[in-house]
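Here are my notes on this entry. Please read them with the viewer open.

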There are 2 protein chains.
Amino acid sequence: MSEHQIIFKPENRTVSAPAGLSLMEVASRAGIHINASCGGEGVCGRCRVELLSGQLRSESGPGTFFTTEEYAKGFRLACQCFVEGPAEINIPPESRADASLYAQAEEHEAITLDTLNPLVRNLTVELTPPTEGDNLADYDRLVLTLDQNHNLAWPQLELAALLEMPTTLRENGFSARATLFEAPNQPARILELSSTQAAQPLYAAAVDIGTTTVWARLIDLNKGQPGPARGDLNGQISFGEDVISRIVFSGKGDGLARLRERITANINQLLDLLLTEAGLSRNSLALIVTAGNTTMSHLFAGLTPQNIRLGPYVPAAATWPFLKAAELGLNVRSSTPLLIFPSVSSYVGGDIVAGVLASGLYKQPELTLFIDVGTNGEIVVGNQDWMTCAACSAGPAFEGGGVKFGMRAAPGAVDQFYYNRADRRHTLAVIGGPGEKPIGICGSGLINIVAELFLAGVLDQRGKFVLQAAPNLIRQGEDGVEYLLRPQAETGLDRDLVLTEIDIENLIRAKGAMYSGYQTLLESVGLTMNNLERVIIGGGFGKSLNLANAIAIGLLPELPIEKFAYIGNSSLTGATLAALSRSLWETAGTIKDGLTNFELSETPSYMDYYMASQFLPHTQSDLFPRTLARVRGEAAS
Amino acid sequence: MSEHQIIFKPENRTVSAPAGLSLMEVASRAGIHINASCGGEGVCGRCRVELLSGQLRSESGPGTFFTTEEYAKGFRLACQCFVEGPAEINIPPESRADASLYAQAEEHEAITLDTLNPLVRNLTVELTPPTEGDNLADYDRLVLTLDQNHNLAWPQLELAALLEMPTTLRENGFSARATLFEAPNQPARILELSSTQAAQPLYAAAVDIGTTTVWARLIDLNKGQPGPARGDLNGQISFGEDVISRIVFSGKGDGLARLRERITANINQLLDLLLTEAGLSRNSLALIVTAGNTTMSHLFAGLTPQNIRLGPYVPAAATWPFLKAAELGLNVRSSTPLLIFPSVSSYVGGDIVAGVLASGLYKQPELTLFIDVGTNGEIVVGNQDWMTCAACSAGPAFEGGGVKFGMRAAPGAVDQFYYNRADRRHTLAVIGGPGEKPIGICGSGLINIVAELFLAGVLDQRGKFVLQAAPNLIRQGEDGVEYLLRPQAETGLDRDLVLTEIDIENLIRAKGAMYSGYQTLLESVGLTMNNLERVIIGGGFGKSLNLANAIAIGLLPELPIEKFAYIGNSSLTGATLAALSRSLWETAGTIKDGLTNFELSETPSYMDYYMASQFLPHTQSDLFPRTLARVRGEAAS
């Protein structure tokens, strides 16, 4: 097959690619990220690229995603274009995501630890040295001593530990430091036998495998001290932006293996970075704990997630057998154990179990709502006595999908927005600093814009623009009525940055799905919003969320602000806690078992609640009295 | 470093080798075996080679191992010569061992199996298929079913089985055949999940890792049927012929790794051969059981055996942790478990525990002596109620060491010998068939020669030749008095084949060490030879042993012939039995624990018995009345 030179702008990166390969795949091979919310199915239109010169075979023409004019100018969908000769391609900013934000960001979270009792610990074992009258073998002597003096019957000695045993014992007067791993329903394992003389770093790594981002941190198990977190874009994104498109991709050819390779490479890179920063070697890592949604955990293990999206929606694994991290391709000692957080169901995953662990919901008396907002939104309601959970398919609006200029929270994204009723003008803030030109709108930005416009009367309760409220900014665009956020000249785009009524419809659908989820879950246990004593927001999305605005649009229930708490990357925090405490890892299992999964789609009232929620903030005005008073100008925010 | 061409004759095999490399190592790299009883220490003299042309740097001159004349002719020790230019080398027959005998040989043993209950078995598991109201994950469903219906709590699911689980379950109506491994003190392990539809071969491999030879067989676990055994020379032989020289070698540089690689390659080759012969794939192998002496088991695991030969003689492992065969480099599925037979002590190894298992000694009322004759001789005395064991260092005479023309039982070895008193002539038989010219004497051959000469009065009780009994064959040789077995012209040698008085001294020391071992062990429990009801001979050596001759020289006690039994490769048989029966594997542990190890060297009476044994057959004539009657010509054999 003939090879052709493809040049990607603005990097000017040149790659050689065989005829017939999709441009999406060529970019992926060149290490250039192009958005692909739908997994390369040609249905999301977010992989727009511009053919500057040369030729491509395109499977889709003008229509859904671009006008005849745009098509003539060279706009194409990268996933629907195939190499047939040399070509020069421009990738516009809105078709990219900037990974640097995630790589540089750092979180500081409070880890509230009840008891330091890590799953891996060092145990000094003192053996009676052998004599002529007592020449029991080293291993047998060790097993006997562990049984008699440490109450450890038949621990599993890993091969690496076995091989270092004779020398270690003799260099230490028949003492040794045994690195011991003890998990429920497992024999104790001795991972390493080392000198009692030298200081021995003992670290775990906690990893949050998110659909969009992957976060990891090291934890000093000797001190009980978690280190800073490092994150990166999940490398699987080029194969699809949400779990469904990943599942679809995993079912094609070697898709599963490729997805697995990507996430393994991600984690290895993060671990390398963290270890380098901490001045540690891989051998210091004695435990890996991962938390992710059900699909991410499957893909990491290389286990097919196909049945997650086929009725009756059965994951291959909710709890996980004992595995070793090296078996899954992580560059750690062969003995290092891997714990994967258990899931509740196909759509309530280990990240939520970890989040509930991190939130403390499971041990507190107050009736609490725990939510993780996203394309797949997860909801937990309960307290120390009972817990129920549900997943609701909110759609991709919170993550920039289904929104004309939607994007992830990366540089160039509008995330803050203020509307001034007096002069009918707005100001906006863009991620990336003052010089950064806007190129799109991230999820929290969308909420802020819609809330401000609604509170100012520029949007009505149906989510339609009120022309007379801002006649200079509201206009008829190519997709219907739109609101001008920034003219082209003030953006990093080749056209005006606008918000359309279709975007708002999508956001209303998304927030309504979440809100009606809370209502249905509460109703299932005979309660209402008024019974809620706490609302905890976990997950990456909540970080930049303006609570008042999220209430204003009806995403969050209208409760006093002090009842809300944002606990950051609760999935990573939960994984960290489990690494630090064997009892908290056991608690994770208890939480998983205690979370009654509720299928919203099987509940008739969910659809009623959903329909009623398709309004700003809600059709039922008694649920949002203060918000409506603000709209009427009765109370200042 | 410069490379030189080294040509080995008679194969004409040419290899390129760097200057400075020993000729022994060059030959090893070329795949040509040269004897090295001492492990390349330059002290055994069994690696004689002939420099035909070119140059070698030799570290030893004429003296101990060759005359000035021989040295001038080009004779050198391969281990003491180093490459310094191109050279042509001849390897004479006595410096080789013929591996083909072992590769071609086949054993047929009766496996007496009490109960077919293999350590690995197939279990059909029927799950309730999931429904919308019951969408428990596959793995959780499997764990629940195994617990509820099969009384298996928290089995370990191997990664390979996990990954094949979702598809297997759905292709089989939520049934599956679980390949289950259950060993004591271990969680049950599911090695594989396969279709219940197709026939599924399920095999174990039993492996006997001997110091000299390695034997293996496949066992059909579905039918409870062991297949034929295949053997090969232990590839470690080039690094030393006995356990002590291997231990020494393992302590030098990467010696341990090289020894491990050799035995791993040996076993992989045997498994490949067996699988090919049986038309099976590697995936059929669900279990590997090995039995070997303590040193061989250590070397196979890559575990240092150094402390076996350093006081207080403590092996690194007597029992072994759970290991997987692939971890030790065997080419089998990653999930295939490996069981290593437990040892009693540094010198009473897993081969003896397996041998006792195979012998049935442990469950029979008769007082039984079980012996494995070799450089390291092992002795077990006992019955169903008690067992005691000892190792005695017999020296290498039984395996051809310390004997001028000693060699292993390979083609060219004299193994049968008959002396005719009438014409004062002898006949002898050589391994390898009628055309084979003698080049040496194997252990059983040595016993037969000495016994026949002794019974004929050619040797006296002190092991000295009686000149007048065979004046034409007894003469003064370079090493003292010798007996001419064959003149040079009738041999494959460049000199006469003789037996020296020194050879006989070494044999007397060896047989005396064994016999005084039986006496000391029996005495330790207040018994004597007369109490013995059975004598069982295990190990490879016994195969060609002439019982009457072994009694005549005092190696075996003088008991009625019907009390003796030879049970072949008892180590391999024991490993086979353990693979076939979980309870017999547990019995192996019981045997190991029940074998009281007795240190002969710490018993003062052992030395007395040993001194008394340095006679043919023994100084104490009442122990061998019938043998002495034969010598006097009173009874025909």
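This is a predicted model: local features need pLDDT of at least 70, side-chain atom pairs count only at pLDDT 80 or more; totals for chains, interfaces and linings use all residues.

1. Chain contact. The count is 37 residues of chain B against 37 residues of chain A. On the chain B side, the elements that give two or more residues are α4 (138–150), β7 (156–157) and α5 (159–171). The largest share comes from α5(B), with 6 residues.

2. Composition of that side. Where chain B touches chain A, 22 residues are nonpolar, 11 are polar and 4 are charged.

3. Helix α4 of chain A, length. This helix covers residues 138–150, so 13 residues at 1.5 Å a residue should span 18 Å. The end C-alpha atoms lie 17 Å apart, which agrees.

4. Helix α4 of chain A, packing. Its buried residues are A:D138, A:Y139, A:R141, A:L142, A:V143 and A:L146. They pack against β6 (120–126), β7 (156–157) and α5 (159–171) of chain A. Just after the helix, A:N151 has a positive phi of about 60°.

5. B:S613, location. This serine sits in the loop between α15 (604–612) and α16 (625–631) of chain B. Is B:S613 buried or exposed? It is buried, because 26 C-beta neighbours fall inside 10 Å and the cut-off is 20 or more.

6. B:S613, surroundings. Leaving out residues up to four places away in sequence, B:S613 touches B:G512, B:Y515, B:S516, B:G554 and B:H618. B:N569 is 44 residues from B:S613 along the chain, and their C-alpha atoms are separated by 28 Å.

Key
Residues are numbered from 1 along each chain as its sequence is written. Chains are lettered from A and ligands numbered from 1 in the order in which they are written. Two residues are in contact if their C-beta atoms, placed from the backbone, lie within 7 Å. Helices (H or I, at least four residues) and strands (E, at least two) are DSSP runs, numbered from the N terminus. Ala, Val, Leu, Ile, Met, Phe, Trp, Tyr, Cys and Pro count as nonpolar, Asp, Glu, Lys and Arg as charged, and the others, Gly among them, as polar. The expected span of a helix is 1.5 Å times one less than its number of residues. A residue is buried if 20 or more other C-beta atoms lie within 10 Å of its own, exposed if 12 or fewer, and partly exposed in between; C-beta atoms are placed from the backbone.
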